[in-house]
Amino acid sequence: MIMAPKKTILFLFPLILLVLVACERDVDIEIPGGTRQPAVYGWIEPGAPPIIIFTRAQPYFGSSNFSSFEELFIHNASITVSTDNYSALLFELCSNSIPDSLLPVVGQFLGLDSITLASVNYCVYTSFDANIFGVVGKNYYLNIATTEGEQLSAVTKIPQPVALDSLWFQPERGDTLGFIWARLTDPDTLGNAYRWFAQRQGKDNGFIAPYGSSFDDKFINGTSFNFGVPRGDNDFAPTPEVEGERGYFKVGDTVIAKFCTIDMAHFQFWRSFDTQLASNGNPFAAPAPLRSNITGGLGIWGGYSPSYDTLIITP
Amino acid sequence: MHRSRIAFLVVSFFQLLSIPSFSQEKFTVSGYVKDGATGEYMMAANVYVIETQKGTTTNGYGFYSITLPKGKYKLKFSFIGYQDLTKDVELNGNTTLNVQLNPDSYQIDEIEVVADGAKENTNSTDMGRVGLDVEKIKTLPAFMGEVDIMKTIQLLPGVQAAGEGNSGFYVRGGGPDQNLILLDEAVVYNASHLFGFFSVFNADAVRNVELYKGSMPANFGGRLASVVEVSMKEGNSKEIKVDGGIGLISSRLTVQGPIKKDTSSFMISGRRTYIDVLMKPFIKESSPFRGTGYYFYDLNAKFNYRFNDKDRLFFSGYFGKDVFDFGNKDAGFGVRIPWGNATATVRWNHLFNSKLFMNVSAIYSKYDFQFAASQDDFEFAIFSGIQDWNGKLDFFYLPNPRHNIKFGAFYTYHTFIPSSATARQGDLEFDTGDRVKLFAHEAAIYFNDDFDLTEEIRISAGLRYSAFNQVGPFKRYVKDPTLGTTIDTIQYSSGESVKLYHGPEPRLSMRYTLNKVSSLKAAYTRNLQFIHLASLSAVSLPTDVWVPSTDRVNPQIGNQYSIGYFRNLKKDAYETSVEVYYKTMQNQVEYREGAQPDDDVKDNPDNNFVFGYGWAYGAEFFLKKRSGKFNGWVGYTLSWTKRRFDDLNSGEWFYAKFDRRNDVSLALVYEPNKKWTFGAVFVYAQGNAITLPYSWYMVQDQVVFEFAPRNSLRMPAYHRLDLSATRKGKETKKFKSSWNFSIYNVYSRLNPYFLYVDISGSPIDGTLTIKAKQVSLFPILPSVTWNFSF
């Protein structure tokens, strides 16, 4: 939560004034020229296969004939993930071809519930070749060629993991709702970046990163400090959100914290992602393009190096 | 070879200076022109010698000087809004003639030839210089009842407002930092209150406003696009006067008067808003915004003392502050944002003789901004600011009626705090780096001669030579070009030179008189700008930081070429002009794409800048009716302004965000009788350039945007009509009052302030909805102000 207030606050104050006096309405405007670039959303973790979700951007207005989610996926692309001494060609796997019983496991990976996976034909590229599963400290190169002749490439690293010192719950609203707090000792080298995920056992179908979940050590290099995180939103959670509990963890939850180290390019992407979500609708913010590490396309190819901790929130 | 050529030019120049007319004895008549009612010295008043059909104008301190052969002359003194005064002079020795002009108390008949002041339009070489009559401004409709000088400047062709409710402005395609705003010679770095809804100038304290947008004479420098010279009133030296007004959102009071009659006087003027007090009842108890407070105040003070005919001393000061407070105890959240300017000027006028006038000024100017926020036990504050110590020496030399010479020197010591931050959580202090201060010396010398080459041709030729030296203490963070991490730091000690820039700034303008009522003018100017305003957002904010030129940031260089045709119609009752310009701007500064406010912390802000090139061109059409019951002006500008940066928009050129193809402004005043005055303002501006997303894609099951090329889209057009009516109350010798009714945005057009694209739903379940939305600020806003004076 430490990085979030700074940016939100900076953008919030003029918004406040605007809200008091401004009026808003829909407007007809031509926004021509929207592109259909390929977009990569890919990641790799130690001991797990690389997962690439490969879609195509859609223009907003005019010539968009987008009608269903399934049209977004780019099929039959040649996607290769390599290390310095090994290369593997990924294959495309779609949820329609996965037996229903396996969907929850797949959902865990993708953060989607099995009902959604059953209703849309969700496609990913991956590999069962253990030689290309993630290893801490290695670089992973991504190369893509589409059937339309587009070429994309990217590189990411799985850095050394850094574990949290401790984890605890602090009530925020009443006695039962609150945030999770963690203590981190940042290594003395400058250039460490992190991303936090949390999953409530039995309530979330995957690890969820809240807004402001990524930060780097520019201000905290070499120090030990505490930070608090809210619970991230997941619109596709199997259990619907309870009124008033959005954003909070609750007494009785068993929460698994997945605290990952990420490389700088990966961090820049998530930081720009948070900025774009926060700044949309704010006239005082510059347009916030996402800082992609993909050459030839949009999106991110990122390595994660997790450390896991479990916190049982007791009254 | 070179040296003898230079010597030849110098000698020729001085020969030009002393063009012999007849070998007859010459004497100088000189003196001061004052306002007969208030004792204020009048600048730009006309002094016309009827026998020679030549004249001059008083300088910024009310001083004039004319050298003529021995003889008898009739001198006519005039100024718009005042009765002409003709004095007989027998010139058989150097003569001092001080006069006082009395204000007109009745309307001037439309057909009557207005004073030779009208000749300013066609005669002066100051192309692109516009003087604003402060009293006239007060009759125009005012936003929320607040008369605003900066808003009126935006009604002139070539000057564009930065946006709805924003008093920052752009002149001929240049950025908001390219305008030099001076209040009694002190630089005002942020002339806006409340994010630009009002300016810091309290019209009651202002005597005169001059805008230079075409050719800036050599005594001005440091900015590329324009100079706005605001002069405060001296203070009535004859009697105590009180002026004030009570309005819907703010009130003001000005007290001025003599300390010693006709020798020294003072003026104090203040203004404060009470928006916060008024808003409170409208904010619901349950609203999370309860606890919001905002106020601003301005304080102007002036004092002058006239020792004798040769020496005068002036002191002026300005102090203004905005404070925005917001707190939401439920969320444990609080924000406090104070910002403000402070300026002080001490000036000494000295008259060496009837031909040589000198002004020495010592000036202090400061602008600072602070943003402090807290969330539970997390506290965070950023501050930025700029502080100047400035000395100026200006000479006015009038050797003969053909030459009007100015020369002088200028020096400023700048201290910049681009942005420093502190952050703490409970007991832990975050490492946000040292409090960064940047230091620089800026200096210039200039020379300008305004002279008649022939009967038809008048030339203003000047040269300014300026220099800028960034000095330590300074820490340069050397960055790795690919990773962006700091790999080295270079430390400069106190006073050690980091980087020196210097260069010439030639200024040339020419007026060619075609006939009695029309003239052709042309100008070329070159300007250097050593300080820059780096802005993160699409709108000017107090968070924008001023930074100096450094080892990484070069000075901006502007070259402007302009040509114009000026014509007076109907016996000088109408002034018209057409001006065409072309400008280039080098070393323009922008933040790199994706820059964030906290990028600047523990880093040099200029490590996040990218540099590029700008060019602008356009045509300005202007028609002004100077007097009569119905008067005012209309202006139309057709213009383009473009930028090209290697690191922005993939190196492709793009329109600057304030590129506005067509811009129309109309200001009208109708005075049917002594009791009523009606005013109307109409503006039309074709949409601002804007960057919006034009495609979307999925990341982590979230819809994210891809943006269209920078500034490739346009907002809908902006247009607005304001009306005002002023009714004078019963006037006694001692007490005057008037009621002013203003309606802003009469037909309540919801002008676009900002556009964005809103997404709701998700493509996964087919509920995705994408809509473009427009945020507007002000619908129709009526207001009432009661003004009084005694």
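What share of the contacts in chain A with a separation of 6 or more is accounted for by residues 24 or more positions apart? The share is 70%, where two residues are in contact if their C-beta atoms, placed from the backbone, lie within 7 Å. In chain B, residues 24 or more positions apart account for 65% of the contacts with a separation of 6 or more.

**Basis of the model**

This is a predicted model, in which local features need pLDDT of at least 70 and side-chain atom pairs count only at pLDDT 80 or more, while totals for chains, interfaces and linings use all residues. Residues are numbered from 1 along each chain as its sequence is written, and chains are lettered from A and ligands numbered from 1 in the order in which they are written. The model scores ipTM 0.89 and pTM 0.82.

**Confidence**

The pLDDT is the predictor's confidence in each residue, from 0 to 100. Chain A has an average pLDDT of 84, and 87% of its residues score at least 70. In residues 1–20 of chain A, however, the pLDDT is below 50, and this stretch has 40 contacts in the model beyond near neighbours in sequence. Chain B also has an average pLDDT of 84, with 87% of the residues scoring at least 70. Its residues 16–22 have a pLDDT below 50 and four contacts beyond near neighbours in sequence. For residues 106–118 of chain B the pLDDT stays under 50, and the model has 30 contacts beyond four places in sequence. Where pLDDT is low, the predicted coordinates should not be read in detail.

**The two chains**

Helices (H or I, at least four residues) and strands (E, at least two) are DSSP runs, numbered from the N terminus. A residue is buried if 20 or more other C-beta atoms, placed from the backbone, lie within 10 Å of its own.

| Chain | Secondary structure | Buried residues |
|---|---|---|
| Chain A | four helices and 19 strands | 45% of 315 residues |
| Chain B | five helices and 51 strands | 48% of 790 residues |

**Domains of chain A**

Chain A is divided into domain 1 (38–157) and domain 2 (161–291 + 307–312), with bounds from an automatic or database domain assignment. The C-alpha centres of these two domains lie 24 Å apart. Ten residues of domain 1 of chain A are in contact with twelve residues of domain 2 of chain A. On the side of domain 1 that touches domain 2, α2 (103–110) and β10 (151–157) of chain A each supply at least two residues. The largest share of that side, three residues, comes from α2(A).

Within α2(A), the residues A:Leu103, A:Gly107 and A:Leu110 are buried. Seen down the helix axis, the buried residues of α2(A) fall within an arc of 65°, so they line one face of the helix; the arc is that of the directions from the helix axis to the C-beta atoms. The cover over these buried residues of α2(A) includes α3 (114–119) of chain A.

**Nonpolar cores**

A nonpolar core is a set of buried Ala, Val, Leu, Ile, Met, Phe, Trp, Tyr and Cys residues joined through C-beta atoms within 7 Å. The largest nonpolar core has 169 residues, of which A:Val40, A:Phe54, B:Ile149 and B:Val206 touch the most other members. Leaving aside neighbours within four places in sequence, the contacts of B:Ile149 include B:Leu132, B:Phe201, B:Val206 and B:Val230.

Notes: Buried ≥ 20, exposed ≤ 12 C-beta atoms within 10 Å, placed from the backbone.
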